Amino acid sequence: MSITFAIISDCDNTLIPDATSSLLETNGMEPQPFWDQIAETVRAGWDPPIAWMSEIVSLIKKGKISQDTNKKLAEFGSKLETFPGADTFITELNETVGKELDLVIEGYVVSSGIESLMQGTKLSNSFTDIFGGRFYEKDGVIDGIQSCITFTEKTKFL
């Protein structure tokens, strides 16, 4: 009888470099002014993930981010590199430690990052599931935030 063991991880700057900053850079924007603006918004009382996700939606609506659908965000994610071994370590653990100790090791990403983008990365080949903030689409383009995983909301997934 095998036992299931879960590993839960954040994503940005843990498994992959900061995906939001990469998204901004790909679209010709410097990330630091964006994050400086978000810091001001947070000082005004906003929850950080809601602040930056709202600004991403605003940039999409202004045509400054070309990845304007969840599908395009996933395609962008497929081009991002993970940190060494991050995209295979759950599979490798199952093939080694899991077999040796009769364990099933599941991996979950619970992040404030963009779910569709993270699901497009190579992480989805090894992790059991990836949870993050989601955008909704209206008339074929991203129009707003569907759900957001704030720092305290992460505990709900555990």
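Is Phe89 buried, partly exposed or exposed? Phe89 counts as partly exposed, because its relative accessibility is 26%, and the buried class ends under 20%. Keep in mind that this is a predicted model.

Let's stay with Phe89. Its ring pairs with the ring of Phe127. The two centres are 5.7 Å apart. The planes sit at 70 degrees, so we call the pair edge-to-face. The cut-off for that label is over 60 degrees. Now look at where the partners come from. Phe89 is in helix H5, residues 89-101. Phe127 is in the loop between helix H6 (115-120) and strand S3 (129-138).

How many aromatic pairs does the structure hold? Three. There is also one aromatic cluster, formed by Phe34, Trp35 and Trp52.

Next, the strands. Strand S2 covers residues 103-114. S2 and S3 pair in the parallel sense, over four bridges. Val110 stands opposite Phe131 in S3. S3 also pairs with strand S4, residues 141-147. This time the sense is antiparallel, and there are five bridges. Glu137 has Ile142 in S4 as its bridge partner. S3 and S4 form a hairpin with two residues between the strands. In that hairpin, Asp139 takes a positive phi near 55 degrees.

One general point about strands. In a regular strand, side chains alternate between the two faces of the sheet.

Now go to strand S1, residues 3-9, and find Ser9. Ser9 is buried, because its relative accessible area is 12%. What does Ser9 touch, leaving out residues up to four places away in sequence? Its contacts are Thr14, Leu15, Tyr108, Val109 and Val110.

Last stop, the core. The largest nonpolar core has 34 residues. Those with the most contacts inside it are Ile56, Ile65, Leu123 and Phe135. Several elements give two or more residues to this core, including helix H1 (19-26), helix H2 (31-43), helix H4 (70-77), S2, H6 and S3. Which element gives the most? Helix H3, with seven residues. H3 runs over residues 48-61.

Finish on Leu123. Setting aside residues up to four places away in sequence, Leu123 touches Cys11, Leu15, Ile16, Thr82, Ala86, Asp87 and Ile130. Leu15 is also on the contact list of Ser9.

How values were computed
Residues numbered from 1 in each chain as written. Predicted model: local features only at pLDDT ≥ 70, side-chain atom pairs only at ≥ 80, totals over all residues. Heavy atoms only, no water. Phe/Tyr/Trp six-rings, centres within 6.5 Å; stacked < 30°, edge-to-face > 60°. Buried < 20%, exposed > 50% of the residue type's maximum accessible area, 1.4 Å probe, protein only. Contact = heavy atoms within 4.5 Å. Pairing = 2+ DSSP bridges. Core = buried A, V, L, I, M, F, W, Y, C linked by side-chain atoms within 4.5 Å.
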